[in-house]
Amino acid sequence: MIFGLEFPPISHVVEWPTLFGDGPFAVNKVIILMWVSAIIAFSVMYLGGRKQELVPSGMQNIAESAVDFVENGIILETIGPDGLKYTPYLLTLFTFILTCNIWGLIPGVQMPVNARIALPAFMAILVWIAYHYIGIKSQGPIKYFKNATIPPGVPKAVLPLVFLIELMGILVTRPLSLAVRLFANMIAGHLLLVTFAVLSQALFESTYVGAVAPFALLVFLSAFEVLVAFLQAYIFTILAAVYIGGAMHPEH
Amino acid sequence: MLQTLAQQAPGELEAGLTAVGRGIVYGGAAIGPGIGIGIVVGNAITAMARQPEAAGMVRTTMFLGIAFTEALALFGFVLSFIISG
């Protein structure tokens, strides 16, 4: 309650009724949006790669710019040329997260899939498995954990403390912060938009002209949320690439 | 006056204190990362202005720094939801 304005509780903003199924297999709006995002992300890449022409057009343009962005903007900047074999995984992460986030801005849908923590948490666990697997495969298990937990050039006196911090970092903090970063950014944006939408509606019903300022801000914030949706997909992918790169090449 | 103040519905005090606690948690969690992101972006802009040809590399590293710094504020944001009366 702010100035007599009834703000819906958070559970009403992000929880959706079950459409069919029950228990862990219950399907609601968010799950359906997740499926649709997966289909969209897949079909853009599939249709873009089906007929490859020298001068790209239409769908091939979108697919090529996405691949180019992930290869040049993310992998070559963080892992290096030998990380290019992980392009399919990182490209999938990027396109899927971006499609999931954009749902928050589509009128009539307006629910970012990543505003529920289940999907970010699952993707963070996949990244966790991926970088440990790649590290163990490329360095061997003992060398990998030694290189990951004992940074070079640390004085002997603080080594136990640094060891514990680094161990917590690779086992708990990295996946936790990866999941929470994406989830919290999306839910914060969603709540911001809901707040200004509720405010605009209440002011429009009572005063008509009073709604101009919050509505203008709502439009501006929607544009800002497009940027956030893109940026969070980029940051999730680049952090996954940094973790994989760190597992492949130890610090010297 | 005191009697009017003392009249409250059961659970009202808890709800009010929960709201205050949420505000303190998020506000406190936002101070450090706010300063930190300012330092990160400010230094990145200085670096880009001094060496525009290195702007691409600086920008990537800047986003990484922002992501790591921002995580603390977001933990506070999520924690403020978890607190319930």
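Among contacts in chain A between residues at least 6 apart in sequence, what percentage join residues at least 24 apart? The answer is 64%, where two residues are in contact if their C-beta atoms, placed from the backbone, lie within 7 Å. Keep that in mind as we walk through the model.

Before you click, a word on the ground rules. This is a predicted model, in which local features need pLDDT of at least 70 and side-chain atom pairs count only at pLDDT 80 or more, while totals for chains, interfaces and linings use all residues. Residues are numbered from 1 along each chain as its sequence is written, and chains are lettered from A and ligands numbered from 1 in the order in which they are written.

**Stop 1: chain A as a whole**

You will find 8 helices and 0 strands, giving the pattern α-α-α-α-α-α-α-α along the sequence. Helices (H or I, at least four residues) and strands (E, at least two) are DSSP runs, numbered from the N terminus. Along the principal axes, the C-alpha atoms of chain A fill a box of roughly 65 × 55 × 40 Å. Chain A has 252 residues, and 31% of them count as buried. Here a residue is buried if 20 or more other C-beta atoms lie within 10 Å of its own, exposed if 12 or fewer, and partly exposed in between, with C-beta atoms placed from the backbone.

**Stop 2: H2 against H3**

Next, select residues 29-50 of chain A, which form helix H2, and residues 59-78, which form helix H3. Their axes are 8 Å apart and the packing angle is about 110°, which means that H2(A) is roughly perpendicular to H3(A). Axes are lines fitted to C-alpha atoms, for helices over the stretch in contact, and angles run from 0 to 180 degrees between N-to-C directions; angles of 65 to 115 degrees count as roughly perpendicular, under 35 as roughly parallel, over 145 as roughly antiparallel and the rest as oblique. The crossing of H2(A) and H3(A) is left-handed. A crossing is left-handed if the near helix is turned anticlockwise from the far one by less than a right angle, and right-handed if clockwise.

Show side chains here: H2(A) brings residues including A:Val44, A:Met45 and A:Leu47 to the contact, and H3(A) brings residues including A:Met59, A:Ile62 and A:Glu64. The residues of this contact divide into 6 nonpolar, 3 polar and 1 charged. Ala, Val, Leu, Ile, Met, Phe, Trp, Tyr, Cys and Pro count as nonpolar, Asp, Glu, Lys and Arg as charged, and the others, Gly among them, as polar.

**Stop 3: H5 against H7**

Now move to H5(A) and H7(A), whose axes come within 8 Å and cross at roughly 150°. This crossing is right-handed. Among the residues that make the contact are A:Ala124 and A:Trp128 of H5(A), with A:Leu178 and A:Leu182 of H7(A). The contact divides into 11 nonpolar, no polar and 1 charged.

Stay on A:Leu182 in helix H7. A:Leu182 counts as buried because it has 28 C-beta neighbours inside 10 Å. Not counting residues up to four places away in sequence, A:Leu182 touches A:Asn114, A:Pro120, A:Gln232 and A:Phe236.

**Stop 4: the largest nonpolar core**

Which residues of the largest nonpolar core touch the most other members? Select A:Leu90, A:Phe236, A:Leu239, A:Ala240 and A:Ala241, out of 52 residues in this core. A nonpolar core is a set of buried Ala, Val, Leu, Ile, Met, Phe, Trp, Tyr and Cys residues joined through C-beta atoms within 7 Å. Elements giving two or more residues to this core include H4 (87-102) and H8 of chain A, together with helix H3 (55-82) of chain B. H8(A) gives the largest share, 13 residues. Centre on A:Leu239: leaving aside neighbours within four places in sequence, A:Leu239 is in contact with A:Leu178 and B:Ala67.

**Stop 5**

**Stop 6: two loop residues**

Finish with A:Gln110, in the loop between H4 and H5 of chain A. A:Gln110 has a positive phi of about 45° although it is not a glycine, and A:Gln110 is partly exposed, with 14 other C-beta atoms within 10 Å. In the loop between H7 and H8 of chain A sits A:Tyr208, with a positive phi of about 60° although it is not a glycine. A:Tyr208 is exposed, with 9 other C-beta atoms within 10 Å.
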